[in-house]
Amino acid sequence: LIVPDLPEFMNVGGKKRRLFGILKKIDTKKLYKKIKGIDYFVVISKYMPEKLGVHKNRCVVVEGIADINGANTAKKVTDIKNIVYTGALSEEYGIDTLVKSFSALKDEDIKLTLAGSGSREYIENAQKNDNRIDYLGTVSNETARELQRGAYLLVNPRNSSDEYTKYSFPSKILEYMLSGTPVVTMDLKGIPEEYYEHLIIVENSLEETLKSALNMDMEELTLKGKNAMEFVKSEKNAFVQAKKIIEVLGYEI
């Protein structure tokens, strides 16, 4: 069984409705009963086996598979340092934290580009108050990847205090790293430790981390992005990740 999400942490917004919450509990209980007939599990977080109630020897962690086609480190040098976020624009994913942290920075040579759907009114108001914020709305996947490749920094502001982050891995991280652009991310428990040396981890606040990253030596920053891309291409491609699944079943390639 491939387990990309735990049932109790899916559709979290709907739990605010009482009837939905009751039905969700029944659904979750039935699912956990059904998995007793499963021999092996592919999970995306090392914390999942305990939650599922199965021994870790019956599980293999495959947090994601990188689409390595089109990975590119070619960069355009501009006078403006563009901080980019692509994805769902909602409080759940930390978009308000990102906007507030960016606006607290007073540099005139930076801008924040946001692409995605959700929280439109909030983003448009933020844009009116800070002309360095550029809101593009929903864009194609191709455009999103172009934005990522051309960015100075990419940001994943998802809140690390929510329990579900232990049992999830943001696929955005793989997509970001493949762009060759340095990635700033919150310290999410679901991200395997091997990624950390290739990411810029938020330790105290997102504002402080963004400020520090913007002041890093350009050569060091470029190397960070390049090494992240090479790590994902070599260690998280389809062959390497599928091999883990085959080996946990007792076979060899």
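Helices are DSSP runs of H or I that span at least four residues, and they are numbered from the N terminus. This briefing concerns a predicted model and describes its salt bridges and the surroundings of one serine. Side chains of opposite charge can pair when their charged atoms come close. In the whole structure, a search finds 8 salt bridges.

**A pair within one helix**
- Lys243 and Glu247 form a salt bridge through their side chains, with an N to O distance of 2.5 Å.
- The two residues, Lys243 and Glu247, stand 4 residues apart in helix α9, so about one helical turn separates them.
- Lys243 is partly exposed, with a relative accessible area of 26%, and Glu247 is also partly exposed, at 40%.

- Lys236 and Glu194 meet in a salt bridge at 3.0 Å, N to O.
- Lys236 belongs to the loop between α8 and α9, and Glu194 to the loop between β8 and β9, so this pair ties together parts 42 residues apart in sequence.
- Lys236 counts as buried because its relative accessibility, 1%, falls under 20%, whereas Glu194 is partly exposed at 39%.
- A network of salt bridges links Glu63, Glu194 and Lys236.

**A buried pair**
- Asp130 and Arg132 form a salt bridge whose closest N and O atoms are 2.9 Å apart.
- Asp130 and Arg132 are both buried.

**A serine in a loop**
- Ser179 is located in the loop between α6 and β8, and it counts as buried at 3% relative accessibility.
- The Ser179 side chain reaches the backbone oxygen of Tyr176 at 2.5 Å and the backbone nitrogen of Thr181 at 3.2 Å.

Terms used: Residues numbered from 1 in each chain as written. Predicted model: local features only at pLDDT ≥ 70, side-chain atom pairs only at ≥ 80, totals over all residues. Heavy atoms only, no water. Buried < 20%, exposed > 50% of the residue type's maximum accessible area, 1.4 Å probe, protein only. Polar contact = N/O pair within 3.5 Å; in protein donor to acceptor, adjacent residues only side chain to side chain. Salt bridge = Lys/Arg side-chain N within 4 Å of Asp/Glu carboxyl O.
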